[in-house]
Amino acid sequence: MTTSSSTRRTRSRVGPEGPAGRHASDLDVDSLLDDRRTGIIVCCGSGGVGKTTASAALALRAAERGRKVVVLTIDPARRLAQSMGIPELGNTPRPVVGVDQAAGGSLSAMMLDMKRTFDEVVLSQASPEKAEQILANPFYIALSSSFAGTQEYMAMEKLGQLHRDHVLGGTAGAGEPHGQGDFDLIVVDTPPSRSALDFLDAPERLSSFLDGRFVRLMLAPARGPARLMTAGFGLITNAMTRILGAQFLKDLQTFVAALDTVFGGFRQRAQQTYSLLQADGTAFLVVAAPEPDALREAAYFVERLSDDAMPLAGLILNRASPEPDSALPAEDAVAGAGRLRRQDPASVTAGLLRLHADQVRMVERERDLRNRFTAAHPQVPTAVVPALAGDVHDLDGLRRIGSLLGREE
Ligand SMILES: Nc1ncnc2c1ncn2[C@@H]1O[C@H](COP(=O)(O)OP(=O)(O)OP(=O)(O)O)[C@@H](O)[C@H]1O
Ligand SMILES: [Mg+2]
């Protein structure tokens with residue numbers, strides 16, 4: 001971590017600074033949402049920790065507190081998508097019904113359609129004729145729907161589009177105040193990658209694939225002067241033609257050559273979105289489960305954000321074990337259970353005391369983990385969200401998570 005990047009992170013964090021405290025939730029989510037300078041919130045984290053739930057809950061809470069919000073969700077569970085009214089194949093924001101608009105805010109939601117987003121980029125970058133050629137190419141179809149990293153890349157692309165078309169209202173330049181368009185806050189969910197870092201790494205990975213040796217090799221006959229067609233290369237292509245078939249190779253070459261012409265555009269746009277992620281007004285929230293692996297992953301991510309000068313607002317520790325109702329210490333509960341068991345081996349109360357002890361120990365273990373994280377990263381404020389009894393699949397559930405994040409409950 002460089003000194004300048006850490007200075008920058010501190011300066012550009014929106015919302016009030018969380019105290020460097022080590023107790024309870026010290027991330028002030030409501031101030032972050034209410035701060036009009038907060039223009040983009042990105043929820044990252046490793047697979048299954050609650051990124052989609054947290055993004056939707058934050059978006060709903062911000063809307064009901066008066067912000068004009070759009071949430072970009074990625075692969076939401078079916079029931080959640082339905083309750084937000086996101087049609088299966090929508091790739092543009094739709095208003096969510098059932099949001100309390102009394103404070104003057106609104107909520108729109110969309111679900112990322114990776115292939116359509118890719119098609120839109122091609123259409124906007126290439127001549128209609130060339131675009132048609134690319135869109136029909138089997139390699140393009142495979143790349144745009146399944147290449148590892150495409151989803152991450154397209155999530156960034158969509159964020160860039162939403163920002164250009166809806167926040168800036170198409171007229172204002174980057175860095176100008178928000179609020180001229182339809183939305184003044186974009187909440188972004190990130191893809192279900194194994195690692196949170198994939199979201200930041202994928203565009204580079206896709207770029208280096210497109211820039212890589214294999215692609216260069218394929219491009220050589222399509223664009224290079226005849227003398228580049230060395231005898232060696234001729235042998236390779238002949239062998240590949242035999243193995244793969246002439247049509248396959250022709251498709252691949254056509255695709256690579258065509259993509260090459262729009263590639264400058266891809267790179268530039270990815271770079272622009274990357275800058276947007278570094279801009280003042282962007283806030284990253286890292287979501288993690290209170291488990292050693294998830295917190296280790298979150299720690300890597302926190303360090304990476306700092307290295308990349310990306311503004312981190314805090315950590316959401318999701319699905320924490322709920323605090324037990326009674327303050328009885330675990331040791332006392334175990335001792336009491338032991339005594340009862342000696343009198344009556346089938347004692348139900350003894351069983352309940354054991355359960356209580358397990359719960360207390362779990363809460364303590366999670367608190368230790370969190371304290372260790374905070375000791376290593378004292379600059380990162382944390383919000384703790386307990387595990388609810390069931391899944392979060394409707395607006396009421398999201399509201400509940402939102403109020404836990406806002407420390408209302
Ligand atoms: N605090 C919570 N209490 C109870 N259930 C929760 C909580 N947070 C999330 N869930 C549930 O956990 C499941 C996973 O959550 P979610 O889909 O938000 O995770 P994700 O990080 O987006 O996963 P992926 O990496 O697959 O995209 C969902 O069924 C959701 O309803
Ligand atoms: Mg998700």
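Helices are DSSP runs of H or I with at least four residues, strands are DSSP runs of E with at least two, and both are numbered from the N terminus. Counted that way, this protein has 16 helices and 8 strands.

Before the details, some housekeeping. This is a predicted model, where local features need pLDDT of at least 70 and side-chain atom pairs count only at pLDDT 80 or more, while totals for chains, interfaces and linings use all residues. Residues are numbered from 1 along each chain as its sequence is written, chains are lettered from A and ligands numbered from 1 in the order in which they are written, and side-chain values use heavy atoms, with hydrogens and water left out.

Now the whole chain. Buried means under 20% relative accessible area, exposed means over 50%, and partly exposed is in between, with a 1.4 Å probe and protein chains only. Of the 409 residues, 52% are buried. A contact means heavy atoms within 4.5 Å. Among contacts with a separation of 6 or more, 76% are between residues 24 or more positions apart.

Next, a pair of helices. Helix 3, residues 51-64, and helix 16, residues 395-405, have axes that come within 8 Å and cross at roughly 80°. Axes here are lines fitted to C-alpha atoms, for helices over the stretch in contact, and angles run from 0 to 180 degrees between N-to-C directions. Angles under 35 degrees count as roughly parallel, over 145 as roughly antiparallel, 65 to 115 as roughly perpendicular, and the rest as oblique. Helix 3 is therefore roughly perpendicular to helix 16. Residues making this contact include A56, L60 and R61 of helix 3 and L398, I401 and G402 of helix 16.

One residue to look at is E152, in helix 8, residues 150-167. Is E152 buried or exposed? E152 is buried, because its relative accessible area is 8%. Leaving aside residues up to four places away in sequence, E152 touches P191, S193, D198, F199 and A202.

Last, two loop residues. Most residues other than glycine have a negative phi. D75 is not a glycine, yet its phi is positive, near 50°. D75 sits in the loop between strand 2 (68-73) and helix 4 (78-83), and D75 is exposed, because its relative accessible area is 53%. A309, also not a glycine, has a positive phi of about 55°. A309 lies in the loop between helix 13 (292-307) and strand 7 (312-320). With 13% relative accessibility, A309 counts as buried.
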